[in-house]
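Let's walk through this model together, one piece at a time. Have a look at the structure first, and then we'll begin with a pair of helices.

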Amino acid sequence: MRPFQYTRAPSLTEASHLTAGEDTLAIAGGTNLLDLMKLQVETPGQLADINRLGFADIENTDDGGLRLGALATNTETAVHPRVRADYPVLSRAILAGATQQLRNKATNGGNLCQRTRCFYFTNIDQPCNKRKPGSGCGAIDGVAKLHAILGTSDQCIATYPGDMAVALSALGAEARISGDKGERNVPVRDFHCLPGDTPWIENVLEPGEVITGIALPAPVGGTQIYRKVRERSSYAFALVSVAAIIELTDGKFSRADLAFGGLAHKPWHDPRVGKCLLGQPPSDALFDKAADILLEDARGFGENDFKIPLARRTLHSVLAQATEGAA
Amino acid sequence: MADTITVNGTAHPVPDDPRVSLLDFLRQHIGLTGTKKGCDHGQCGACTVIVNGIRINSCLTLAAMHDGDSVTTIEGLGTPDEPSALQRAFLEHDGFQCGYCTPGQICSATAMLEELAANWPSDASESLEESIAISGEEIRERMSGNLCRCGAYANIVAAIEEVAAGGRS
Ligand SMILES: Cc1cc2nc3c(=O)[nH]c(=O)nc-3n(C[C@H](O)[C@H](O)[C@H](O)COP(=O)(O)OP(=O)(O)OC[C@H]3O[C@@H](n4cnc5c(N)ncnc54)[C@H](O)[C@@H]3O)c2cc1C
Ligand code: SF4
Ligand code: FES
Ligand code: FES
């Protein structure tokens, strides 16, 4: 690890002030940042430790929702009685990720900001436009099994690797962000960016902005499923994942909130997919139509071509499970 | 008062160099070499310790972030004369071959039993809300962050299962 200065941020204002500097990064759980610092992928001159700033609580909100502190751990979130009862897709998504030791340390804010697992990004001897703008993308013609099939650019085809944010996207959660210009709320669906010509920009955080919490809307019920397809049944990143909140009324879809992991540089939410289901009775033909819409613009890069049929089948299977008995 | 980290009941000053991981602090600064370094990247679990009752990977956290915290390592769980229930069960079930992963396995399992007692669900749990039935499947999922290069898994699970079931005392 390169030498750095360690500063414990004494207040949120000071944390913003510190991280507004180009050479300073916030550290929360450290499970992603320290990993990347050991690999010299991240080389900050200063770390601002935000762990003692207090926004670690999980609290009911006035509108019946729930506010998850950015510093609450993934475990505290997944095992919280209200998350288990009212937002089971979120508990399931978190529990499907990493390991208990990692989830015990990982924070909700850090989880949203975790960086891609692209092998070229994490190996400083390889070309990577995200890590070193202009150096090229090793993955496009290389090892691309984990890579994206939607929303890619000719600069970068990396995926956002996390699980939690996929569930948050399906749930319509909002990130609460604080900076020197005040506070703002950003829907998780809009928090992450597509790579475009600036693959090093992964989310909408401006310098000095800190995530303080995540607001979940009032619970909507329904059948909630998080299906993660991976190479082994535990402790692996998603090849494809689907977060689904499904409700049928009189045998027809009355709610279909869907988000997808492993497909793009962000949790993928395409409102047209859910919309095509609404008002229709479940059927194989309808599920295929939903997959057609989802994958209309999908493009593989050789090694990850399998993700296109895999995403189709996973969506099909989740919809079939959610509507079992009704179709 | 200087910043300190309490390890197995004894307070130690936090190291000056912020780069020191909690793992290197334990092994190199205070000489507790029971905790092992496998990958140094959060992937193998050999470095698992218990901080304020919670198991974490000590390789992916800085010692400087832990002042005021209370850390339990394998040395704090039992001694050769008075092993903990899990330490004894690992011996009885041959829950290791080379033994390199064992301190991490035992620290991990020790905290895991508390998580089970608190009814924390896992990816293997049928229900998020009902009380969790202890099974081999639950134990394997909950211990998936501890790799064993020797493949002693079957005996590791048997040792933990015995203690989880309230086995012999
Ligand atoms: C072996 C391994 C397996 C894993 N498997 C999975 C998996 O299957 N699924 C999955 O989803 N994840 C997985 N992870 C990733 C893990 O979930 C993340 O490392 C973790 O969530 C990051 O949280 P943290 O608090 O440790 O972040 P940190 O490492 O502290 O920070 C990560 C980034 O976020 C920034 N940051 C942190 N908090 C804030 C904040 N409040 N505001 C603004 N910026 C902030 C930091 O500056 C840094 O850039 C795995 C990790 C490892 C090491
Ligand atoms: S896919 Fe993105 S992260 Fe991976 S090498 Fe290409 S530019 Fe870098
Ligand atoms: S040494 Fe920490 S997880 Fe491998
Ligand atoms: S006993 Fe050798 S690594 Fe587990």
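In H3(B), the residues B:Gln105, B:Ala109, B:Met112 and B:Leu113 meet B:Ile156, B:Ile160, B:Val163 and B:Ala164 of H5(B), where contact means heavy atoms within 4.5 Å. Helices here are DSSP runs of H or I with at least four residues, strands are runs of E with at least two, and both are numbered from the N terminus. Sorted by class, this contact has 7 nonpolar, 1 polar and no charged residues. Ala, Val, Leu, Ile, Met, Phe, Trp, Tyr, Cys and Pro count as nonpolar, Asp, Glu, Lys and Arg as charged, and the others, Gly among them, as polar.

This is a predicted model, in which local features need pLDDT of at least 70 and side-chain atom pairs need 80 or more, while totals for chains, interfaces and linings use all residues. Residues are numbered from 1 along each chain as its sequence is written, chains are lettered from A and ligands numbered from 1 in the order in which they are written, and side-chain values use heavy atoms, leaving out hydrogens and water.

How is such a pair described? Two packed helices are described by the angle between their axes and the distance between the axes. For H3 (residues 102-117) and H5 (residues 153-164) of chain B, the angle is about 35° and the axes are 11 Å apart.

Now for the ligands. Ligand 1 sits between chains A and B. Around it are 34 residues, and A:Ala26, A:Gly30, A:Thr31, A:Thr107 and A:Asp163 come nearest; being around a ligand takes a heavy atom within 4 Å of it. A nitrogen atom of ligand 1 is 2.7 Å from a side-chain N or O atom of A:Asp163. A backbone N or O atom of A:Ala26 lies 2.6 Å from one of the ligand's oxygen atoms. H7(A) gives the largest share of this shell, 4 residues. By class, the shell has 16 nonpolar, 15 polar and 3 charged residues.

Ligand 2 is surrounded by 15 residues, and the closest are A:Cys118, A:Cys128, A:Cys137, A:Cys156 and A:Ile157. Its shell divides into 10 nonpolar, 4 polar and 1 charged.

Key
A polar contact is a pair of N or O atoms within 3.5 Å; within protein, one must be able to donate a hydrogen and the other to accept it, and residues adjacent in sequence count only if both atoms are side-chain atoms. Axes are lines fitted to C-alpha atoms, for helices over the stretch in contact, and angles run from 0 to 180 degrees between N-to-C directions.
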